[in-house]
Amino acid sequence: NKLWRTRLNIPTKCNLIKEDSIVEEESDSIVEEESDYEKYVKAQISKLDDPKHNKNIMRDDKQKIEAYLYNRFHEYGQNKLIVFKNRHVVCVGARRGGEVRALRRVGALAIGVDLNPGEYNPHVLLGDAHSIGFSPGSVDILYSNVLDHILDLKQFFEQVADQLASDGLFLIDLSKKAPDKYAVQDFRDGGKARTIRLLEKD
């Protein structure tokens with residue numbers, strides 16, 4: 001996975017064997033410019049290291065996300081709009097796992113993926129929206145509320161189509177708020193219509 005490649009651009013010492021002697025030489029460091037994707041990954045990973053953002057994530061995870069989504073998903077189940085019980089659900093961009101816990105409470109077999117799930121997170125695996133990583137066709141429901149933080153929406157939708165079972169369901173929440181400093185998409189105006197067009201193509 002290109003995300004987890006490590007580029008160590010630091011001087012290293014190497015030993016060159018010439019006849020019976022060993023000569024130590026210091027190799028030149030090779031500096032490669034970071035790609036847009038690598039810059040994006042670094043920025044997204046850094047969110048939990050930002051004290052203000054971390055505080056908001058931890059607060060919202062239990063007080064807002066889990067509580068709100070549990071009530072909503074429970075209502076969907078009660079009204080027989082969506083069956084969650086025993087269905088395999090993946091939450092993309094799940095941070096600390098509020099949405100995963102909400103889905104488990106309504107009976108789903110749920111797991112999350114995130115570029116930075118933080119330490120000791122039993123609800124969310126290390127993962128990337130651009131390469132979700134489960135077996136093709138193995139997911140019954142895929143949920144995400146972080147489309148404004150996904151760099152390549154077309155690639156993400158291709159991943160969704162690959163991961164979902166033939167009768168699978170894709171649930172998304174789109175933010176209408178002004179983008180924060182980590183956002184890479186803006187859905188306040190035409191962004192929502194653009195997303196719908198991308199979904200229709202796929």
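**View 1. His130 in the loop between strands E5 and E6.** In this predicted model, His130 occupies the loop that lies between strand E5 (124–126) and strand E6. With a relative accessibility of 4%, His130 counts as buried, because the cut-off for that class is under 20% relative accessible area. The side chain of His130 reaches the backbone nitrogen of Asp152 at 3.0 Å, and the C-alpha atoms of His130 and Asp152 are 7.3 Å apart, although 22 residues separate them in sequence.

View 2. Strand E6 (residues 139–144) and strand E7 (residues 164–172) run parallel and are joined by five bridges. Within the pair, Val139 stands opposite Leu164 of E7.

**View 3. Leu171 and its contacts.** Leu171 belongs to strand E7 and counts as buried at 15% relative accessibility. From C-alpha to C-alpha, Leu171 and Tyr143 are 4.7 Å apart in space, while in sequence they are 28 residues apart. Not counting residues up to four places away in sequence, Leu171 touches Ile141, Leu142, Tyr143 and Ser144, as well as Phe73 and Ile82.

**View 4. Arg72 in helix H2.** Arg72 is found in helix H2, which spans residues 51–78. The relative accessible area of Arg72 is 15%, so this residue is classed as buried. If residues up to four places away in sequence are not counted, Arg72 touches Tyr143 and Asp173; Tyr143 is also listed among the residues that Leu171 touches.

**View 5. Helix H3 and the residue Gly107.** Helix H3 (residues 98–105) is largely enclosed by the rest of the structure, because six of its eight residues are buried. The buried positions are Gly98, Glu99, Val100, Arg101, Ala102 and Leu103. Helix H3 is followed by Gly107, which has a positive phi near 100°.

**View 6. Confidence along the protein chain.** The mean pLDDT of the protein chain is 80, and 77% of its residues reach 70 or more. Among the elements, confidence is highest in strand E3 (residues 88–92), at a mean of 98, and lowest in strand E1 (residues 13–18), at a mean of 34. Over residues 1–27 the pLDDT stays under 50, and for this stretch the model has 36 contacts beyond four places in sequence. Where pLDDT is low, the predicted coordinates should not be read in detail.

**View 7. The protein chain as a whole, for orientation.** The protein chain contains five helices and seven strands, which follow one another from the N terminus in the order β-β-α-α-β-α-β-β-β-α-β-α. Of the 202 residues in the protein chain, 42% are buried. Among contacts with a separation of 6 or more, 58% are between residues 24 or more positions apart. The protein chain exposes about 12600 Å², of which carbon and sulfur atoms supply 51%.

Conventions
Residues numbered from 1 in each chain as written. Heavy atoms only, no water. Buried < 20%, exposed > 50% of the residue type's maximum accessible area, 1.4 Å probe, protein only. Helix = DSSP H or I, 4+ residues; strand = E, 2+ residues; numbered from the N terminus. Pairing = 2+ DSSP bridges. pLDDT = per-residue confidence, 0-100. Contact = heavy atoms within 4.5 Å. Polar contact = N/O pair within 3.5 Å; in protein donor to acceptor, adjacent residues only side chain to side chain. Areas by Shrake-Rupley, 256 points an atom, 1.4 Å probe, with all protein chains shown as cover.
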